[in-house]
Amino acid sequence: MSDKKIFVYGAGISGQGVSEVLAERGDKVILYNDDKKELDPAWLKGFATRGGQYVCGEDPEPYLEQCHLFIISPGIPFTTETVKKARALDMEIIAEAEQASRMYKGHWCAVTGSNGKTTTTTLLGEMLATLPVKTTVAGNIGFALSKELQDLDENSWVAAELSSFQLEGTTSLAPDVACIVNITPDHFERHGDMAGYVAAKSKIFAFQTPDDILILNADDPVSSGLGKNARSRVIYFSTKKVLPEGGYIEDGWFVLNVDGKKEQICRVSDLQIFGAHNEQDVLAACLSAFFAGVTPENMARVLKAFKGVEHRLEYVTTIHGVKYYNDSKATNTDSAIKALEAFKDGHVILLAGGHDKMTGLDDLMETIKAKTDALILLGEARHRFYEAARAHGVQNIIMIDGSFEDAVRRAYNIAKAPQVVLLSPACSSYDMFANFPERGRVFKQIVNDLAKEAEA
């Protein structure tokens, strides 16, 4: 084995996970973080015992010079000074997901998309679990891919949720089945513009062969057009039309029609989750599972039992006839639009705002105008959102300059049945919270506290 070391950049979940796996297999690893960061002492002790080295807050160059491979964590952009120094040394720079793919010898079902990828991946994971082999769910949905895949064999299947951040640094990852649920504007703060974002998403199929499968949304103009660039076999799904081949809805049934064989999976009305966006997630998951060998019967069983993903249009409770929904996972405008459209009768008290991704707001504000009785704005984005809402004629806009709890309590004070209160921020959470799950959990705690106060 070479005396050269592997440089892992970023000491978060992905960085720690891949460092641990590499050290366990005998590689010499330097885990580096730009800023001072305290890690769990027990973890650090185990890492050091295996020959690993943790460095933070120092000049990276002396450490980079000892290394032949640079693995970047998904949360770190490729524009940092540390990455520039690695490029100057002509180092190979890859994503943690790429390293995972080099070590894992089993089968992949990989899912990406601007919205719905977590629901699709979760459903797919439950469907794959019906196969008589080892399976797991990994990627953007949980722990480091490297860590999740290390104990799987060559016959196993993984349902992997891959974000644009994870895909950006892949150079050979080629899933057996790749699925793009949709692509709408997001993460311009990282990728620069729509072209950069689409290019990152497209990495999910860039290295596939003609033996692999690419599943695309026929109803989504951006992702459906990518099929012409694929070397793999392209299969489409649609919630709006019956296709000559692929997945679609017909006479109230989810249908798969592939290689001349047509299968009804279950009725749309059998689902426990609601919203048209969930129907596309179901078709994407079913098609992906089909090519992994899951039977239609097992797909149907999973779909009928599925109650949804936490923080995605999640019902919290009802207070004085008003239902409260946690959609903290709506970190972009398209996701918030889909959430609002799920409430066919409107009458929504919407909580929106947070860390602004600087994407366009026109479509969101038109939907807000049609669906809401009140718009409560909070966080860093509130001023830009307020100006856009005013420009589109949105009525009853409430600005909250205080805390997140102040905003939730304001919604509670004005909401009357049959209105619903919906947290669907259309922004990331970093101005107030560590991530969207924390934001969602805090929202649920505040709402449940209000329910107790209402009973007192």
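User: In this predicted model, why does Arg312 count as buried or exposed?

Analyst: Arg312 has a relative accessibility of 10%, and since buried means under 20%, Arg312 counts as buried.

User: What makes the pairing of Asp327 with Arg312 a salt bridge?

Analyst: The closest N and O atoms of Asp327 and Arg312 are 2.3 Å apart, and the cut-off for a salt bridge is within 4 Å, so the pair meets the criterion. Asp327, at 0% relative accessibility, counts as buried. Because Asp327 lies in the loop between strand 16 (322-326) and helix 14 (333-341), and Arg312 in the loop between helix 13 (296-305) and strand 15 (314-319), the pair ties together parts that are 15 residues apart in sequence.

User: How do you know by what part of a helix Asp334 and Lys338 are separated?

Analyst: Asp334 and Lys338 are four residues apart in helix 14, which means that they are separated by about one helical turn. Their side chains meet in a salt bridge (2.5 Å, N to O). With a relative accessible area of 15%, Asp334 is buried, and Lys338, at 18% relative accessibility, counts as buried, because the cut-off is under 20%.

Technical notes
Residues are numbered from 1 along each chain as its sequence is written. This is a predicted model: local features need pLDDT of at least 70, side-chain atom pairs count only at pLDDT 80 or more; totals for chains, interfaces and linings use all residues. Side-chain values use heavy atoms; hydrogens and water are left out. Helices (H or I, at least four residues) and strands (E, at least two) are DSSP runs, numbered from the N terminus. Buried means under 20% relative accessible area, exposed over 50%, partly exposed in between (1.4 Å probe, protein chains only).
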